[in-house]
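Please keep the sequence and the model in view while reading.

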Amino acid sequence: MKRPTLDVVAARAGVSKSSVSRVVNGAHTVAPEIRDLVMRAVRELGYVPNAAARNLVTRRTDAVAMVVSDPPQGVLSDDPLFSTVVRAASRELEAAGKQVVLMLAESDRSRARVESYVAAGHVDGVLLISLHGADPLPAVLARTSLPVVSFGRTAAPTVPYVDLDNAGGARLAVRHLLDRGRQRIATVTGPLDLSDARERLAGYREALGHTGRRPLVALGAFTRMSGAEAMRQLLADEPTLDAVFAANDLMAIGALRTLRESGRRVPDDVAVVGFDDIEAAAYSAPALTTVCSPMADQALTAVRLLLGLLAGRTGESVIMPNELVVREST
């Protein structure tokens, strides 16, 4: 069978071709009774709008670029929460009728390719997943005049973002350890070129500073191995430490292994708190106390903020709250 055309739909509905065009392109200036006639004819005939022609009229592609800006040796691809974020965001965009174009920006060359693709009008907006404060891509994409929302705080002032209360979560963790009577509380940070890591370190210092205690800091890389190595360094520097706050769960799990190998009992000798509440946190030995990060909710909030911008509404940045999940490690 030949594909039904606008003329055929108009004849079946008993209205003009221009009325059919306005209805299928989502115009709000059509009388409800005309819209009902057209939609009934569309269903009866099995009419499918020509996407290319519709896009010429509406100047919309119904596509959104999900841009992951992370170097090849970055932290996102190894983070178990990354798939949670991508899956939640993709489902919400697809439910809104948006085609998702996943793009990786791992180098200057790939960032330039992303910029050209977006500027050429192949998408209606961008959901940017970027954790690196020095990343130039947010500011570059902001200049394209398309709506851009960042998953995570950026240095571009015109790009709205959805982020966690990283400093507040760290304060929750340290105050919990203080309430447990811990005296020498160390921290393992993430890479300090990441805003999340810097904010969690600031929260640790703030909570500890109110007590007059000396901070004990070791640099990690948001990986299990770096957590284990940082824990060895902390034990060598301060053998009497009795608690550690790791800036993510992967490093906390690495720290648990080092403590076990060194003969320290958790939580009897050393209490441990992580950050993120990944699935493995509940199954570590012992089960890990951690700051729960609502990553799926954060992704949904970012998508809804972007959809609002695409609909012509204004949008403000959002900070998501955290909560502490207390388990056996403290």
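## A buried charged pair

Asp-276 is buried, with a relative accessible area of 6%. In this predicted model, Asp-276 forms a salt bridge with Arg-200, and the closest N and O atoms of the two are 3.7 Å apart. Because Asp-276 lies in strand E9 and Arg-200 in helix H9 (residues 195–209), the pair ties together parts that are 76 residues apart in sequence. Arg-200 likewise counts as buried, at 4% relative accessibility.

Arg-200 also lies over the face of Phe-275, at 3.7 Å from the ring centre.

## The aromatic pair

The structure holds one aromatic pair. It is formed by Phe-245 and Phe-275, whose ring centres are 6.4 Å apart and whose planes stand at 55°, so the pair is tilted. Phe-245 belongs to strand E8 (residues 243–246) and Phe-275 to strand E9 (residues 271–276), so that the pair links distant parts of the chain, 30 residues apart. Both Phe-245 and Phe-275 are buried.

## Domains and nonpolar cores

The domain assignment divides the chain into domain 1 (6–58), domain 2 (63–163 + 296–319) and domain 3 (166–292), and the C-alpha centres of domain 2 and domain 3 lie 30 Å apart. The largest nonpolar core has 69 residues, among which Leu-234 and Val-272 touch the most other members. Helix H12 (residues 295–310) supplies the largest share of this core, eight residues. Since domain 2 and domain 3 both give residues to this core, it lies between them.

Leaving aside residues up to four places away in sequence, Val-272 touches a set of residues including Val-244, Leu-256, Leu-288 and Thr-330. A second, separate core of 16 residues includes Leu-128, Leu-137, Val-148 and Ala-156.

## Other salt bridges

The count of salt bridges comes to twelve. In one of them, Arg-214 pairs with Glu-238, the closest N and O atoms being 2.8 Å apart. This pair links distant parts of the chain, 24 residues apart, with Arg-214 in the loop between H9 and strand E7 (216–219) and Glu-238 in the loop between helix H10 (224–237) and E8. Arg-214 is exposed, with a relative accessible area of 56%, whereas Glu-238 is buried, with a relative accessible area of 14%.

The side chains of Glu-261 and Arg-257 meet in another salt bridge, at 3.1 Å from N to O. Glu-261 and Arg-257 are four residues apart in helix H11 (residues 249–261), which means that about one helical turn separates them, and both are exposed. Finally, a network of salt bridges links Arg-153, Asp-163 and Glu-199.

Note on methods. Residues are numbered from 1 along each chain as its sequence is written. This is a predicted model: local features need pLDDT of at least 70, side-chain atom pairs count only at pLDDT 80 or more; totals for chains, interfaces and linings use all residues. Side-chain values use heavy atoms; hydrogens and water are left out. Rings of Phe, Tyr and Trp (its six-membered ring) pair if their centres lie within 6.5 Å; planes under 30 degrees apart count as stacked, over 60 as edge-to-face and the rest as tilted. Helices (H or I, at least four residues) and strands (E, at least two) are DSSP runs, numbered from the N terminus. Buried means under 20% relative accessible area, exposed over 50%, partly exposed in between (1.4 Å probe, protein chains only). A charge sits over a ring if NZ of Lys or CZ of Arg is within 6 Å of the ring centre and within 35 degrees of the ring normal. Domain bounds come from an automatic or database domain assignment. A nonpolar core is a set of buried Ala, Val, Leu, Ile, Met, Phe, Trp, Tyr and Cys residues joined through side-chain atoms within 4.5 Å. Contact means heavy atoms within 4.5 Å. A salt bridge is a side-chain nitrogen of Lys or Arg within 4 Å of a carboxyl oxygen of Asp or Glu.
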